Amino acid sequence: MLAPGPFRVEHIRPGDPYELSNGHAIECSTTGGDGARANSAGAMVIDSDPDVDSSGIDAGFTLGPGHLRAPDVAVGVPDRPGFVPGVPPLAIEYAGSGQNEDDLKEKIAEFLGAGTKYIWVVRLVGPRRVEVYEPGKKMRIVKAGKTLSAPGVLRNTYPVEALFERGAAREATLRNLLQREGYESLDSVREEGREEGREEGREEGREEGRVDGLRVALSGLIAGIGAPVSAALQARMLSETDEGTLLRWIHRVPGAKRLDDIFGP
């Protein structure tokens with residue numbers, strides 16, 4: 001592929017199963033079950049990161065007139081028709097069985113050469129691991145149990161497993177979504193709920209205290225006018241929880257001649 005090929009970006013339509021490298025068409029094969037599941041896990045995590053405004057799966061990026069590349073997952077995918085001009089700041093590739101290693105190397109070189117900051121290649125064959133590529137740096141391998149970061153692109157660091165294990169991906173996504181709502185973690189949500197509950201309890205206690213005081217005041221005023229109170233009426237006073245109603249009854253006591261004048265409509 002040293003000599004430029006005949007194809008240009010305008011020859012490819014969205015949905016066509018081809019990428020372009022220096023004018024040469026490269027057929028993109030379908031993905032196996034392991035790659036498809038891992039891809040969806042990684043995409044969920046990356047898209048939910050609090051610093052990511054947009055991301056996408058298999059979005060075509062035009063690196064030049066004869067270059068069209070589609071990472072498995074990429075940051076920086078706008079919601080508009082057509083291919084995306086330029087390159088993503090972070091691209092993720094899932095390498096399973098049947099991976100064309102020569103094309104993958106060329107793809108990595110093209111993205112890095114055009115300005116991509118980070119490329120993560122998730123290896124699904126053998127011990128699962130991630131190869132990290134950055135411009136001007138030697139490739140490094142991050143194994144399971146370690147974490148990945150992309151400063152300037154992603155806010156959070158992620159365990160390698162979050163890119164292919166759904167449990168780890170859901171845990172990381174939950175943290176991301178909570179952070180988008182202003183919570184650092186699920187524990188902080190629980191603590192806020194407990195604090196609100198304590199505050200509500202204090203408020204309920206203050207309200208209940210006011211109501212009890214009004215009931216005592218009402219009973220004392222009624223006793224002061226010498227009016228007998230039946231058991232039914234006593235129960236009615238004790239069950240009343242509305243402050244407004246108790247205050248209305250209290251205000252009626254001074255001019256009341258009968259209990260009906262107090263408790264009537």
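Two strands are said to pair if DSSP finds at least two bridges between them. Helices (H or I, at least four residues) and strands (E, at least two) are themselves DSSP runs, numbered from the N terminus. The structure is a predicted model, in which local features need pLDDT of at least 70 and side-chain atom pairs count only at pLDDT 80 or more, while totals for chains, interfaces and linings use all residues. Residues are numbered from 1 along each chain as its sequence is written, and side-chain values use heavy atoms, with hydrogens and water left out.

Seven helices and 13 strands make up the list of elements in the protein. Of its 265 residues, 38% are buried; here buried means under 20% relative accessible area, exposed means over 50%, and partly exposed lies in between (1.4 Å probe, protein chains only). Contacts, defined as heavy atoms within 4.5 Å, also give a view of the fold. Among those between residues at least 6 apart in sequence, 49% join residues at least 24 apart.

The sheet comes next. Strands of a sheet pair through backbone hydrogen bonds, either parallel or antiparallel. Six strands form an open sheet with mixed pairing, in the order β3-β6-β8-β9-β10-β11. Because β3 (55-57) and β11 (140-143) stand at the edges with a single partner strand each, one side of each is left without a neighbour in the sheet. From one strand to the next, the twist averages 20°, where axes are lines fitted to C-alpha atoms, for helices over the stretch in contact, and angles run from 0 to 180 degrees between N-to-C directions.

Strand β10 can be followed on both of its sides. Five bridges link β9 (residues 118-123) with β10 (residues 129-133) in the antiparallel sense, and valine 121 has glutamate 131 in β10 as its bridge partner. Four of the five residues of β10 are buried, so the strand is mostly covered. The one formed by β9 and β10 has five residues between the strands, and glycine 126 takes a positive phi near 80°. The hairpin of β10 and β11 has six residues between them, with glycine 136 in the turn at a positive phi of about 75°.

Two helices lie across strands of the sheet. Helix α1 lies across β3, β6 (73-75), β8 and β9, and runs at about 165° to β8. Helix α2 lies across β8, β9 and β10, running at about 160° to β9.

What volume does the largest pocket hold? The space in it is about 1000 Å³. On a 1 Å grid over the protein atoms alone, a pocket is an open set of points where a 1.4 Å probe fits, with protein on both sides within 12 Å along at least five of seven lines, and lining residues have an atom within 4 Å of a point. Grid points are joined across faces, edges and corners, and the volume is the space filled by probe spheres set on the points. The largest pocket is lined by 39 residues, and the closest to its centre are Cys28, Ser29, Thr31, Asp58 and Asp72. At least two lining residues come from each of β1 (18-21), β2 (24-27), α1 (33-48), β8 (90-95) and α2 (101-114).

Most residues other than glycine have a negative phi. Aspartate 58, in the loop between β3 and β4 (61-64), has a positive phi of about 60° although it is not a glycine. Asparagine 22, found in the loop between β1 and β2, likewise has a positive phi, near 55°. Aspartate 58 is partly exposed at 48% relative accessibility, and asparagine 22 is partly exposed at 22%.

Finally, two leucines can be compared. Leucine 148, in strand β12 (residues 147-148), is buried, with a relative accessible area of 2%. Beyond its neighbours within four places in sequence, leucine 148 is in contact with residues including Trp120, Val130, Val132 and Leu163. Leucine 238, in helix α5 (residues 231-239), counts as exposed at 52% relative accessibility.
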